[in-house]
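Open the model in your viewer and keep the selection panel at hand. This tour goes from the whole chain to single strands, then to the core.

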Amino acid sequence: MSQNWKSIWIVAAVAVGVVGVLVWKKKKRSFVKVGTISKLYFFPVKSLKGINVTKGECTKLGFEVDGLLDRSFMLVNKEGVLVSQREGPSLALLNIQINGNILLISTPSGTQLKVEIKDSVSPSDKIIHCRVHTDGIDGVDCGDEAAAFFQTYLNMPDVRLVRHFPSLPKRKYLKNHPFADKLRKENPVGFQDLAPIHILSKSSVDDLNSRLEDNKISELNFRPNVLVDGCKPYEEDSWRYIKFQNGVLLSNLQMVTRCLLTTNDPATGILSQKEPLVTLRKYRIPKDPETVKNIGSLPCLGIGCGVWKTGEISVGDDIFADVGPQPIMAVK
């Protein structure tokens, strides 16, 4: 090999090495402790009460407790469209328990529904083509007894309970939005609105409450999986990556935009259509044009997260984050 070729190979090798170092540095993250897990919430049925649990699994598809994924069940109308507390505010009053392989749902008056938590889809199961907002997804019909229970309770004919299984076809994202399309393709979900895991800090809720004159709210208005204690209000917005003490790693996909459902009182089932949205709109709408382009000019609270490394998390676990800049909000 000539001296010139040797020189070229040396230069090329050095260049590759430099690029490798730069890429490594770019990917390297610095984690600091930001708080602890105060509470964990598991929502077997979308838009019904959650269950306060002490531990659960962070999986690629969402929060999982005893083999059942978060938001595995949901209610639909005769067109297969999601029925939530927006349409049936009294859903907030139904109590939920899990006893072995039985999902037990009870009305305030004591009427009960028992739904078997099956391991898989059966050949005889009826598949319903459903819609979660603008997305299409399949669900297994849970039968006439479950349908009659909810139809009577809500006084809504044709409402049915369905369940999604990971083995069913993937959710079809029908809205042509580059940011949302990329986010959802990389972080697939079932019946969840946005992301596999939802994180909110207690201090953010406390700060919001300090701005409300009446009718104080709680984290239950926002239905997070993970409630964090020990950080300042809204600091979770800046957590680019979140790591738990046992190594579970999440990525911050976007701030969670808030809708009318947050105005439903979890204790009374009364939908005010006012607070806390009215107050949130005064100081929690993103100002950054790129963020607005991605998620809209909507009030935000909490973050939706994807799961990079799966594993178990528990109440009391320390939380660490790779912290970025705090998003700027428009103040009215």
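Start in S13, where Arg163 is the bridge partner of Val140. The model is predicted: local features need pLDDT of at least 70, side-chain atom pairs count only at pLDDT 80 or more, and totals for chains, interfaces and linings use all residues. Residues are numbered from 1 along each chain as its sequence is written, and side-chain values use heavy atoms, with hydrogens and water left out.

Select S13, residues 160-163: this strand pairs with S12 in the antiparallel sense over two bridges. Strands here are DSSP runs of E, at least two residues long, and helices are runs of H or I of at least four, numbered from the N terminus. Two strands pair if DSSP finds at least two bridges between them.

Now select S12, residues 135-141. Seven of its seven residues are buried, meaning under 20% relative accessible area with a 1.4 Å probe, protein chains only (exposed is over 50%, partly exposed in between).

Move to S11, residues 127-132. S11 pairs with S12 over six bridges, antiparallel. Cys130 stands opposite Ile137. In the hairpin, two residues lie between the strands, and His133 takes a positive phi near 60°.

Next, select S14, residues 172-173. Two bridges tie S14 to S12, again in the antiparallel sense. Tyr173 is the bridge partner of Asp135.

**An open sheet**

Select S5, S4, S3 and S21. These four strands form an open sheet in the order S5-S4-S3-S21, with antiparallel pairing. S5 (68-69) and S21 (311-314) are the edge strands, each pairing on one side only. Four bridges join S3 (residues 55-59) to S21. Gly56 has Ile313 as its bridge partner.

**The cores**

Which residues have the most contacts inside the largest nonpolar core? Select Ile105, Phe150 and Ile199; this core has 50 residues. A nonpolar core is a set of buried Ala, Val, Leu, Ile, Met, Phe, Trp, Tyr and Cys residues joined through side-chain atoms within 4.5 Å. Apart from it lies another core, of 10 residues, including Leu200, Ile217, Tyr234 and Leu280.

Center on Phe150. Leaving out residues up to four places away in sequence, Phe150 touches Leu48, Leu75, Leu91, Leu94, Ile105, Leu113, Asn155, Val159 and Leu161; contact means heavy atoms within 4.5 Å.

**Zoom out**

Show the whole chain. There are six helices and 23 strands. Of the 332 residues, 49% count as buried. The C-alpha atoms fill a box of roughly 85 × 55 × 40 Å along the principal axes.
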